[in-house]
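The notes follow the order in which I looked.

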Amino acid sequence: MTAVRPLGPEQRAQAWADLAAGDFEVLVIGGGVTGAGVALDAATRGLKTALVEARDFASGTSSRSSKLFHGGLRYLEQFDFGLVREALHERDLSVNRIAPHLVKPVPFLYPLTRHWERPYVTAGITLYDGLARLGSLSDPMPAHKQLTRTGARRLFPALKPESLVGAIRYYDAQADDARHTLTVARTAAAYGATVLNSAEVVSFEHAGGRVVGAKVRDVETGREVDVCSEVVVNATGVWTDDVQTLVGGRGRFHVRASKGVHIVVPRDRINGEAGLILRTEKSVLFVIPWGSHWIIGTTDTDWELDKAHPAASKADIDYILEHVNEVLSVPITHADITGVYAGLRPLLSGEQESTSQLSREHAVARPMPGVIAVAGGKYTTYRPMAADAVDAVAEDVTRRVPPSVTENIPLVGAEGYAAMVNSLDGLSDRWGIPRFRAEHLLNRFGSLTPEVLDLAADAPELLEPVPGAEEYLMVEMVWSAAHEAALHLDDLLARRTRISIETPHRGVDSAAPVARAVAGVLGWDDERIASEVESYTARVEAERRSQEAADDQEADAARVAAPDTRAVAVGRALG
């Protein structure tokens with residue numbers, strides 16, 4: 001890998017110049033994990049690549065998942081053995097090689113409610129473990145373990161005794177999805193890809209019945225440039241059909257949006273040392289340890305309203321609370337909730353099927369010459385999705401394209417991470433920060449952590465915690481503005497960090513001090529600082545109102561009432 005280039009204001013200006021001047025082989029539309037993965041795969045095959053995202057990296061589905069890297073235990077019941085095997089391979093690859101700083105093992109309990117369930121569930125989890133070990137070249141997760149009711153409640157005392165007769169413990173993995181997606185995009189940039197957020201595709205260029213490029217608009221300034229490209233990849237998730245309409249012609253598949261809602265509660269509200277996976281009448285419900293919090297979700301319902309800002313209603317939250325409280329000895333209430341978020345899964349549409357039954361397989365198609373569309377799949381399998389898309393690209397570019405190599409490409413921050421973990425005490429002493437803070441930084445930035453802390457060499461005040469969000473340091477905010485393409489306060493509080501869902505004030509108390517801290521990097525004056533704080537506060541207030549609404553329609557109306565930070569063209573929101 002070449003030097004890790006910052007994605008800051010100077011790079012952004014250069015990227016726009018490169019976009020206007022260069023003839024690209026691949027133009028990727030969509031800065032979620034799939035689009036970022038396609039850009040990385042293409043760049044590491046030597047293709048001249050550009051990635052554009054209308055809003056912010058991971059601003060859609062890829063920041064609003066269950067934050068799991070998992071095989072999908074429930075898909076075994078649908079006989080999707082190939083999908084589960086592929087996902088388990090990707091899980092272990094990320095934990096051990098590609099992103100050990102970001103993707104971490106986590107134990108889960110599968111509570112058993114009837115004695116007859118044990119052999120059935122054991123068979124499934126044994127198969128799950130076996131598929132993970134099949135052909136594995138990396139260290140496997142620990143094998144599952146049978147637990148009595150007493151053993152299960154020793155690990156998870158919050159469970160009602162009458163809610164289970166025993167349990168099985170097994171392992172999966174988790175990651176901060178937004179940070180992981182950003183890191184994939186930064187890795188693509190490190191291998192030469194031109195990477196831009198707030199870059200909206202507004203039209204496509206055609207020649208001889210083929211797409212040969214696109215017009216891209218800078219959402220921040222309104223400037224437009226024509227980008228020439230041999231192939232355009234549509235990796236826009238739930239916007240796949242919208243992009244195809246903009247391209248013209250019929251697509252080869254359709255994508256349905258399924259809304260998934262999660263709530264976040266403080267860790268001390270549930271006494272447990274592992275995650276939970278619970279069966280519901282519609283799907284499964286996870287209770288996932290998340291630092292000093294728990295993430296609980298998810299729902300699985302059709303969504304046909306605003307795609308950019310899907311809204312959680314009171315009915316969604318009540319559904320989650322009802323089901324999790326069936327097994328907790330001390331119920332969770334609305335008052336316990338610090339954060340709520342809703343995301344849209346891009347599912348390949350079936351005939352008369354509920355979203356919970358649609359396959360999580362992905363598909364790659366060529367809807368017209370010069371365009372490749374990739375959709376479906378699940379977060380964990382972003383890398384093979386991307387590889388399949390670039391395999392299709394290879395058939396359309398003028399030169400020979402080598403096979404994918406991303407299985408052997410560590411993400412930015414992974415190289416040297418293990419050695420840095422071993423010198424954690426030295427890092428803590430060097431900067432005079434507690435060991436837990438040094439570990440927190442390592443698990444977000446990996447081996448780039450010393451570079452992050454270097455920003456505080458002449459500004460020790462940056463080592464102070466973020467006001468209202470003690471888990472983060474101010475230096476992380478400045479780093480994100482200077483190196484991680486953060487352009488707005490929302491980017492910093494909702495995706496570069498998760499303050500928007502981890503604090504009772506949802507980031508409002510942190511907004512002004514963070515805006516002032518990054519103003520020098522981003523060139524904000526007092527008026528812009530006030531505007532950013534006002535816009536962020538309006539977003540939080542709109543989300544709170546939506547979460548008190550009775551149904552989807554009311555929730556959507558409340559959420560879209562807040563002005564959008566990015567002026568993406570109406571009806572052409574592709575990112």
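**Cavities**

I began with the second largest cavity and asked which element gives most to its lining: H18 has the largest share, with five residues. The model is a predicted one.

I then noted the size of this second largest cavity, which holds about 510 Å³ of space. Its lining is made up of 32 residues, and those closest to the centre are Arg 64, His 309, Arg 539, Glu 543 and Arg 559. I listed the elements that give two or more residues to this lining: strand S16 (339–348), helix H15 (489–496), helix H16 (499–502) and helix H18 (526–546).

Next I sorted the lining of the second largest cavity by class. I found 12 nonpolar, eight polar and 12 charged residues.

I also ran the search over the whole structure, and it returned eight cavities of 30 Å³ or more. I did not follow the others further in this entry.

**Aromatic pairs**

How many aromatic pairs does a search of the whole structure find? I got eight.

I looked up Phe 108 and Phe 286 among them. Their rings are edge-to-face, with 5.9 Å from centre to centre and 70° between the planes. I placed Phe 108 in strand S4 (residues 104–112) and Phe 286 in strand S13 (residues 284–290), so-called distant parts of the chain, 178 residues apart. Both Phe 108 and Phe 286 are buried.

I turned to Phe 156 and Trp 294. This pair is tilted, at 5.7 Å centre to centre and 55° between the planes. Why does the pair tie together parts that are 138 residues apart in sequence? I traced it to position: Phe 156 lies in the loop between helix H5 (149–155) and strand S6 (166–174), whereas Trp 294 lies in strand S14 (residues 293–297). I checked burial here as well, and Phe 156 and Trp 294 are both buried.

**Charges over rings**

I returned to Trp 294 for its charged neighbour. The charged end of Arg 267 sits over the Trp 294 ring, 4.6 Å from the ring centre. Trp 294 thus has two entries in this notebook, one for its tilted pair with Phe 156 and one for Arg 267.

I recorded a further case at Trp 431, where the charged end of Arg 430 sits over the ring at 4.2 Å from its centre.

Key
Residues numbered from 1 in each chain as written. Predicted model: local features only at pLDDT ≥ 70, side-chain atom pairs only at ≥ 80, totals over all residues. Heavy atoms only, no water. Phe/Tyr/Trp six-rings, centres within 6.5 Å; stacked < 30°, edge-to-face > 60°. Helix = DSSP H or I, 4+ residues; strand = E, 2+ residues; numbered from the N terminus. Buried < 20%, exposed > 50% of the residue type's maximum accessible area, 1.4 Å probe, protein only. Lys NZ or Arg CZ within 6 Å of the ring centre and 35° of its normal. 1 Å grid on protein atoms, 1.4 Å probe; cavity = no way out; pocket = protein on both sides within 12 Å on 5 of 7 lines; lining within 4 Å. Points joined across faces, edges and corners; volume = space filled by probe spheres on them. Nonpolar A, V, L, I, M, F, W, Y, C, P; charged D, E, K, R; others polar.
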